[in-house]
Amino acid sequence: QVQLVESGGGLVQAGGSLRLSCAASGRSISTYTMGWFRQAPGKERDFVAAMRGSSSTNYRDSVKGRFTISRDNTKNMLYLQMDDLKPEDTDLYYCAAGWGLGITPSAYVNWGQGTQVTVSS
């Protein structure tokens, strides 16, 4: 089992940037598909980005070209660089560890507690 702790969220103006970090412990993340999801109150948890292995990535269409997922297996860390942020990116962002293609929440077995991202217009 992997324990995950997100950090790096905050309040930023539209057009700004944030870098989310996810620190993993308990097991190496090197064999996991690692992903980022986001969720607004009362809504479903939505896929944002996933990385399988060292180079295979997937992004939701609305963040392509603005967000970049990366990982450092030697540090057991996952990152999400978010540029050109928009008010509609405001959500609670979760880090997750799982298997396979990593597009749906059901593919993930371990979750962090989330970090809030708020983008003002």
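Predicted model: local features only at pLDDT ≥ 70, side-chain atom pairs only at ≥ 80, totals over all residues.
# Reading charges, turns and strands

Visitor: How many salt bridges does a search of the whole structure find?

Guide: The general idea is that side chains of opposite charge can pair when their charged atoms come close. A salt bridge is defined here as a side-chain nitrogen of Lys or Arg within 4 Å of a carboxyl oxygen of Asp or Glu, and the search of the whole structure finds five of them. One of these joins the side chains of K86 and D84, with N to O at 3.7 Å, and K86, at 30% relative accessibility, counts as partly exposed. Elsewhere, salt bridges that share partners join R38, R66, D89 and D91 into one network.

Visitor: Which residue's side chain meets that of R38 in a salt bridge of 3.0 Å?

Guide: That partner is D89, and the 3.0 Å runs from N to O. The pair links distant parts of the chain, since R38 belongs to strand 4 (residues 33-39) and D89 to the loop between strand 8 (77-82) and strand 9 (91-98), 51 residues apart. For these labels, strands (E, at least two residues) and helices (H or I, at least four) are DSSP runs, numbered from the N terminus. The side chains of D89 and R38 are also joined by a polar contact of 3.0 Å, a term for a pair of N or O atoms within 3.5 Å, where within protein one must be able to donate a hydrogen and the other to accept it, and residues adjacent in sequence count only if both atoms are side-chain atoms.

Visitor: Are R38 and D91 buried or exposed?

Guide: Both R38 and D91 are buried, and the relative accessible area of R38 is 6%. D91 forms a salt bridge with R38, the closest N and O atoms being 3.7 Å apart, and this pair also links distant parts of the chain, with D91 in strand 9 and R38 in strand 4, 53 residues apart. D89 is buried too, at 1% relative accessibility. If contact means heavy atoms within 4.5 Å, then D89 touches R38, R66, F67, D84, V117 and V119, not counting residues up to four places away in sequence.

Visitor: How many bridges join strand 4 to strand 5?

Guide: Two strands pair if DSSP finds at least two bridges between them, and here six bridges join strand 4 to strand 5 (residues 46-52), which run antiparallel. Within this pairing R38 stands opposite D46 in strand 5. The two strands form a hairpin with six residues between them, and G42 in the turn has a positive phi of about 80°. Strand 4 is also joined to strand 9 by seven bridges, again antiparallel, and there W36 stands opposite C95. Six of the seven residues of strand 4 are buried, so that the strand is described as mostly covered.

Visitor: Which residue is joined to C95 by a disulfide?

Guide: A disulfide is a pair of cysteine sulfur atoms within 2.5 Å, and the structure holds one. The partner of C95 is C22, with the sulfur atoms 2.0 Å apart. The pair links distant parts of the chain, C22 in strand 3 (residues 18-25) and C95 in strand 9, 73 residues apart. Both ends are buried, for C22 has 1% relative accessibility and C95 has 0%. The angle about the S-S bond is -70°, and the link of C22 and C95 is left-handed.

Visitor: Where is N76 found?

Guide: N76 is found in the loop between strand 7 (67-72) and strand 8, and at 13% relative accessibility it counts as buried. As background, most residues other than glycine have a negative phi, and most peptide bonds are trans. N76 has a positive phi of about 60° although it is not a glycine. D84, in the loop between strand 8 and strand 9, has a phi near 50°, a positive value in a residue other than glycine.

Conventions
Residues numbered from 1 in each chain as written. Heavy atoms only, no water. Buried < 20%, exposed > 50% of the residue type's maximum accessible area, 1.4 Å probe, protein only.
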